[in-house]
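Dear colleague,

Please find the structure below, handed over for your study.

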Amino acid sequence: MTQLNITHVVVFSLTAVFLLVALDRAGELRGPQAAYVPPAKPAPAADIDPDKGKPPLHNDTVEDLPDGKGREITFYTCTACHGVALIKAQGLTRDLWDSSIDLMIEKHRMPPAKPADRAEILDYLAEQFPPRRRGRGGDNPFLK
Amino acid sequence: MLRSGTLKASRRNVLKGVGMATVVGASLPPIGAALAQGTAPAVAPKGPKLLEMDGKAKLAVLGDKPLVAETQAELMDDSVTPTDKLFVRNNGQVPDVTGDPKAWKIKIDGEVNTPLELSVGDLMSRFPNVTYQLMLECGGNGRSFFSPEARGNQWTNGGAGCPQWTGVRLADVLKAAGLKSSAIYTGHYGADPTLAGETNKPTISRGMPIAKAMEEHTIIAFKLNGKDMPLIHGAPVRLVVPGWAGSLSTKWLNRIWIRDKQHDGPGMGGFSYRLAKTPIVPGTKGDEKDTVILESMPVRSVITFPADGARLAAGTKKLDLRGQAWAGEADIKTVDISTDYGVTWKPAKVDPAPNKYAWQRFTAAVDLPSAGYYEVWAKATDSKGVTQPFIAGNWNPQGYGANPINRIRVLVAS
């Protein structure tokens, strides 16, 4: 039997690190993709209100979403970043809600939810916010 | 060529000498006004939530966090979009006000001979200042016309405006830095923190081919309608890349990275600002790899007067309508109006644009032969002969390129 030597350890460690980084879809193990440090902003003058001209603060509550199984986890997962208006404005197929969650993880760095939690959120979104615009797009023979 | 002919008055109206009737109630809610059989609704029709913000008109709020608000069609009636009526599309948070705007710095680096770090004061004094009236239009404008719904903010036609911008040509700045032969694309960065509050990661970072960056009308702007740029619109400096998706017109600009390949920042991949190459079944996921980047925005017309849902006085026989039309990189050649669901069309009068990339006013006198319900449709055609479809086609998961024929509904009282 071959003895474990330092070469084995190095090869094994490098492979493990490579795999971790390669499979890290959320980008938690990588730094920002472009090595870029924004120019230092000049310090605001003492008499300037740094918030002047900003839009009014906005906070939603759980009750702003319709009641249903999965409402709480959906609320706290989604509103960590954006308002509920963005959710409620959309009526999407299950496929599109599913890929919306991928988009939030891949593009907007949402921490991936545990599979059971993700399923609960997806069920909630698909049930509460299905496509609403029927018309000529609602009965497509090729749509599941 | 621009059409300048006037709508021919119908023989009957000439014979009867019918005058222009007064339009009443043109400020009714734009969508959802109950018109059925002329009965008044029991409760006020539910309109969009209206923006309440200093310096801004009561725009229709599509999202509060981040703030996204569109300009209702009847608020797009000004020839030059006033600052308070310009739509708002944020992707992240709004950065803090800077103490000394002229000290704000932007960096030009990457495939250039001389990387530059320029203060806003440098920009203003070193390069010729130019003023143009330029279209700014959200890439997702028109998304709400897709059926079934596409993902994202549900814009009608109000993610667009045409104010006057003052700044310097990006081309002059890039020439000062000296583009290397390897320079093929830009990558834009702004100071807006992400929605999660991070300041060390770009919220969105899109880019364009060098040819677009070198166009005369692509500018780094520091004034909006002659006044210092408001914070919500990108103070102290922003890009204005007219005719293409608004996400290129980076607010709170602090860096332009010249790339030797297509830019790959957030907002360049997936289905973001991309159209499907192979037509996909509406409502399905599609294949991200089978997409092409949205560049020029499509041809679009919006009737700005009267408002959708307007009630016209009894006896009204003619309606003087107004609107705006624009077509991404192209000019508007014609706008046609129909009051019979597209069976017949009559040309509107189309004004020339003050400069390239500005919208064009159209006007028409429309016959309304009797009392009752009318739909007035507008259809613009651009200088390449490309027109608006009857319905939003080429469905894609994130909903770009929807530009169906515009319509308003009016009721002539009996």
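Domain bounds, as used here, come from an automatic or database domain assignment. With such bounds, the C-alpha centres of domain 1 of chain B and domain 2 of chain B lie 30 Å apart. This is a predicted model, in which local features need pLDDT of at least 70, side-chain atom pairs count only at pLDDT 80 or more, and totals for chains, interfaces and linings use all residues. Residues are numbered from 1 along each chain as its sequence is written, while chains are lettered from A and ligands numbered from 1 in the order in which they are written.

Confidence in chain A

The pLDDT is the predictor's confidence in each residue, from 0 to 100. Chain A has a mean pLDDT of 80, and 67% of its residues reach 70 or more. Within chain A, helix α1 (residues 6-22) has the lowest confidence, with a mean of 69, and helix α5 (residues 115-128) the highest, at 97. Helices (H or I, at least four residues) and strands (E, at least two) are DSSP runs, numbered from the N terminus.

Domains and chain contact

In chain B, domain 1 covers 11-82 + 297-412 and domain 2 covers 92-140 + 159-293. Between them, 25 residues of domain 1 of chain B are in contact with 31 residues of domain 2 of chain B; contact requires that the C-beta atoms of two residues, placed from the backbone, lie within 7 Å.

Chain B also touches chain A, with 47 residues from chain B and 47 residues from chain A taking part. On the chain B side, β2 (60-64), β5 (105-110) and β15 (253-259) each give two or more residues, and the largest share, 3 residues, comes from β2(B).

A sheet in chain B

Strand β2 of chain B also belongs to an open sheet of 3 strands in the order β2-β3-β4, with antiparallel pairing. Two strands pair if DSSP finds at least two bridges between them. The edge strands, β2 and β4 (88-89) of chain B, each pair on one side only. Strand β3 (residues 67-70) of chain B pairs with β4(B) over 2 bridges, and B:Val68 has B:Arg89 as its bridge partner in β4(B).

The residue B:Asn90

B:Asn90 lies in the loop between β4 and β5 of chain B.

Yours sincerely
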